[in-house]
Amino acid sequence: MSEPGEQWPPQHQYPQWQPPVPPKKASPAAVVLVSGSVVVVVLMALAFLAWGYPGFLREPDGKAETGTGIWPGGQATLASPTPTVTPPSTPVALPGGRAPMPKRTKPLANPVTCAFTPDAGSPAPKKVALPPDGPAPSSGKPQVRLATSAGDIGLTLDRALAPCTVVNFLSLAAQGFYDGTSCHRLSVTAGLQMLQCGDPVGDGTGGPGYTIRDEVFPELTYGRGILAMAKTNQPDSGGSQFFLVYGDINIPPEYTVFGSIDDAGLEVVDKVARGGVDQSKPGLGDGSGPPKIPVKLTHVTTS
């Protein structure tokens with residue numbers, strides 16, 4: 001209810017209308033100052049996200065730059081188990097002898113059934129046929145020789161450890177897939193002393209256009225003289241890339257071991273390791289990179 005004499009609705013008193021005053025123009029110096037401040041704030045925010053939250057602008061610590069890299073400890077992912085370090089300037093200390101080969105406590109069935117999966121997302125500049133699906137023996141040790149620009153490297157494959165991986169490697173070798181490829185990654189840091197090969201692209205991202213299944217088991221161990229498959233940080237993502245262990249290596253049992261390196265081959269890899277990483281070429285941020293002594297595969301023979 002309104003009081004006696006009060007009008008309804010109430011009448012409001014408004015101030016006398018004044019014409020609007022145009023805003024003052026900012027000086028060029030003020031514009032530059034404000035713009036610069038905004039840029040600094042944005043850059044600081046991006047830097048915080050990049051290093052404070054792995055995966056926003058980079059992969060988590062110890063992982064490859066993308067999911068495309070393929071390596072032990074990883075690529076791509078393959079993720080390296082070692083911290084970011086600078087390769088030592090002193091000669092690499094190499095252990096003597098060789099590590100014992102791992103063994104399965106429970107032997108595989110003989111034969112086993114292999115299957116290979118086409119991968120449209122894997123760069124494959126060299127087109128090859130898929131290895132045959134179906135039964136494969138889980139016994140036998142085929143001999144392989146890698147003729148390289150640094151010297152010959154003899155390999156003994158082991159079907160009892162990884163029968164389908166052996167089928168894959170022999171198939172690629174028979175088709176000349178490895179001919180002309182280079183070993184693109186040498187690591188000389190403690191905990192990851194190996195030479196990685198088998199990428200037709202040459203930067204750790206390439207493969208044969210298909211993937212193979214992991215053939216791993218809890219008792220897997222690695223060490224000097226071991227031959228194993230590289231892959232990304234995803235399971236069953238290997239293809240053609242493999243690595244030769246010449247020294248200390250500390251990686252989980254996630255990389256298929258399918259053979260060993262002979263003594264003469266180890267001497268070749270030792271020579272390459274002593275040459276060190278080529279610092280004039282891009283590395284992977286974990287102390288590894290292209291070897292200073294080039295290792296180009298000219299031909300692969302099998303028996």
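Both Cys114 and Cys164 are buried, where buried stands for under 20% relative accessible area, exposed for over 50% and partly exposed for in between (1.4 Å probe, protein chains only). A disulfide joins these cysteines, Cys114 and Cys164, with an S to S distance of 2.0 Å; a disulfide is a pair of cysteine sulfur atoms within 2.5 Å. The model is predicted, so local features need pLDDT of at least 70 and side-chain atom pairs count only at pLDDT 80 or more, while totals for chains, interfaces and linings use all residues. Residues are numbered from 1 along each chain as its sequence is written, and side-chain values use heavy atoms, with hydrogens and water left out.

**Disulfides**

- A search of the whole structure finds 2 disulfides.
- The link of Cys114 and Cys164 is left-handed, with -95° about the S-S bond.
- Cys114 lies in strand E1 (residues 112-114) and Cys164 in helix H2 (residues 163-174), so this pair ties together parts that are 50 residues apart in sequence. Helices (H or I, at least four residues) and strands (E, at least two) are DSSP runs, numbered from the N terminus.
- Cys183 and Cys197 form a disulfide with their sulfur atoms 2.0 Å apart, and this link is right-handed, with 95° about the S-S bond.
- Because Cys183 lies in the loop between H2 and strand E6 (185-189) and Cys197 in strand E7, the pair ties together parts that are 14 residues apart in sequence.
- Both Cys183 and Cys197 are buried.
- Counting bonded cysteines along the chain, the disulfides of the protein chain follow the pattern 1-2, 3-4.

**Strand E4 and its partners**

- E4 pairs with strand E5 (residues 153-157) in the antiparallel sense over 4 bridges; two strands pair if DSSP finds at least two bridges between them.
- In this pairing, Val144 stands opposite Leu155 in E5.
- E4 and E5 form a hairpin with 4 residues between them, and Gly151 in the turn has a positive phi of about 135°.
- E4 also pairs with strand E12 (residues 297-302), in the antiparallel sense over 5 bridges, and Arg145 stands opposite Thr301 in E12.

**Cavity and pocket**

- The largest cavity holds about 50 Å³ of space. On a 1 Å grid over the protein atoms alone, a cavity is a set of points where a 1.4 Å probe fits but cannot get out, and a pocket is an open set with protein on both sides within 12 Å along at least five of seven lines; lining residues have an atom within 4 Å of a point.
- Grid points are joined across faces, edges and corners, and a volume is the space filled by probe spheres set on the points.
- Lining the largest cavity are Ile212, Arg213, Asp214, Met229, Ala230, Lys231, Gly238, Tyr255 and Thr256.
- By class, this cavity lining has 4 nonpolar, 2 polar and 3 charged residues. Ala, Val, Leu, Ile, Met, Phe, Trp, Tyr, Cys and Pro count as nonpolar, Asp, Glu, Lys and Arg as charged, and the others, Gly among them, as polar.
- The second largest pocket holds about 280 Å³ of space.
- Its lining has 17 residues, of which His184, Arg185, Gly202, Gly289 and Pro290 lie nearest the centre of the second largest pocket.
- By class, the lining of the second largest pocket has 7 nonpolar, 5 polar and 5 charged residues.

**Single residues**

- Thr205 lies in the loop between strand E7 (192-197) and strand E8 (210-211), and counts as buried because its relative accessibility is 16%.
- A polar contact of 2.6 Å joins the side chains of Thr205 and Asp203. Such a contact is a pair of N or O atoms within 3.5 Å; within protein, one must be able to donate a hydrogen and the other to accept it, and residues adjacent in sequence count only if both atoms are side-chain atoms.
- Phe258 is found in strand E11 (residues 257-261), and counts as buried at 0% relative accessibility.
- The C-alpha atoms of Phe258 and Ala228 are separated by 5.7 Å, with the two residues 30 apart along the chain.
- Asn110 and Pro111 are joined by a cis peptide bond, with omega about 10°; Pro111 is in the loop between helix H1 (28-52) and E1.
- Asp236 has a positive phi of about 55° although it is not a glycine.
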